[in-house]
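Subject: Structure handover

Hello,

Here is the structure we talked about. Please load it first, then read the notes below.

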Amino acid sequence: MTVHLQVWLMDGLGFMVSRLPYHEYLAAPNHSLEWSPCNNHRAVNQPNSSRAWLEATGIGATTCAHHGCSVPHSVVDFQKGERQVNMDYSLANALQYNMQGIRHVINFYDVNCTYMRMLRQHVGNNKFLKFPTEMEIIPGIRIWHVHGHQPQCFSRYAPFVHQRCWVD
């Protein structure tokens, strides 16, 4: 048994998720493998590359486009490259933080054409994840990345498609 002598900086405080619940979530069964049929998105299509010597291969976060900062308790680390299972946890935590009265959110993610297809099912079938079912999540792909997708992704997910306002 290996004893980790590293101390997590601000475990569960600030922007990082809590280590123990996050690792329990990752260890749970029923995480589906993702693959992006759109184009060759290395972040999604190559998560099982050999990186056994690394404890983390990167981080992901849900950020507020209006304020330009990460949402507290939404920064996750990647163990096998960027996997949607990691981002499910980040998004679910972000959508529970200070979201009273918010009924619509725009979620920009570089692989939203694949990601949003199964998001509600992933969350609904997982005891570790939850977010408001009445909340509308509008998918988008940032303009820098949408050009690498198929033409139908541009017309469906490009940022200018989402330039509408809601009056509640």
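One definition before the findings: strands are DSSP runs of E with at least two residues, and they are numbered from the N terminus. A residue lines a pocket if it has an atom within 4 Å of one of the pocket's grid points. Keep in mind that this is a predicted model.

**Overall layout**

The protein has 6 helices and 6 strands. Read from the N terminus, the order is α-α-β-β-β-β-α-β-α-β-α-α. The chain has 168 residues, and 38% of them count as buried. Take the contacts between residues at least 6 apart in sequence: 60% of these join residues at least 24 apart.

**The largest pocket**

Which strand gives the largest share of the lining? It is S5, with 5 residues. S5 spans 104-108. At least two lining residues each also come from S1 (58-60), S2 (63-64), S3 (69-70) and H3. The lining has 33 residues in total. Nearest the pocket centre lie Thr62, Thr63, Cys64, Ala65 and Ile106. The volume is about 1,100 Å³. By class, the lining splits into 20 nonpolar, 10 polar and 3 charged residues.

**Aromatic pairs**

A pair of rings is described by the distance of the centres and the angle of the planes. The structure holds 4 aromatic pairs. In one of them, the ring centres of Tyr22 and Tyr89 are 5.0 Å apart and the planes meet at 50°, so this pair is tilted. Tyr22 sits in helix H1 (residues 19-27) and Tyr89 in helix H3 (residues 84-94). That pair links distant parts of the chain, 67 residues apart. Tyr22 and Tyr89 are both buried.

Tyr89 also pairs with Tyr25. Here the centre-to-centre distance is 4.9 Å and the planes are 35° apart, again a tilted pair. Tyr25 is buried, like Tyr89. Ring pairs tie Tyr22, Tyr25, Tyr89 and Phe128 into a cluster.

**Helix H3**

How many of the 11 residues of H3 are buried? The count is 10, so the helix is mostly covered, with buried meaning under 20% relative accessible area. Among them are Gln84, Met87, Tyr89 and Leu91.

**Asn126**

Asn126 lies in the loop between helix H4 (112-124) and strand S6 (136-140). Its relative accessibility is 13%, so Asn126 counts as buried. A polar atom of the Asn126 side chain lies 2.7 Å from the backbone nitrogen of Phe128. Leaving out residues up to four places away in sequence, Asn126 touches Tyr25 and His31. Both Tyr25 and Phe128 belong to the ring cluster described above.

**Tyr109**

Tyr109 is in the loop between S5 and H4. Buried or exposed? Tyr109 counts as buried, because its relative accessibility is 9%. Its contacts, again without residues up to four places away in sequence, are Glu82, Gln84, Met87, Tyr115, Gly140 and Ile141. Of these, Gln84 and Met87 are among the buried residues of H3. The C-alpha atoms of Tyr109 and Thr62 are 9.4 Å apart, with 47 residues separating the two along the chain. Thr62 is one of the residues nearest the centre of the largest pocket.

Best regards

Technical notes. Residues numbered from 1 in each chain as written. Predicted model: local features only at pLDDT ≥ 70, side-chain atom pairs only at ≥ 80, totals over all residues. Heavy atoms only, no water. Phe/Tyr/Trp six-rings, centres within 6.5 Å; stacked < 30°, edge-to-face > 60°. Helix = DSSP H or I, 4+ residues; strand = E, 2+ residues; numbered from the N terminus. Buried < 20%, exposed > 50% of the residue type's maximum accessible area, 1.4 Å probe, protein only. 1 Å grid on protein atoms, 1.4 Å probe; cavity = no way out; pocket = protein on both sides within 12 Å on 5 of 7 lines; lining within 4 Å. Points joined across faces, edges and corners; volume = space filled by probe spheres on them. Nonpolar A, V, L, I, M, F, W, Y, C, P; charged D, E, K, R; others polar. Polar contact = N/O pair within 3.5 Å; in protein donor to acceptor, adjacent residues only side chain to side chain. Contact = heavy atoms within 4.5 Å.
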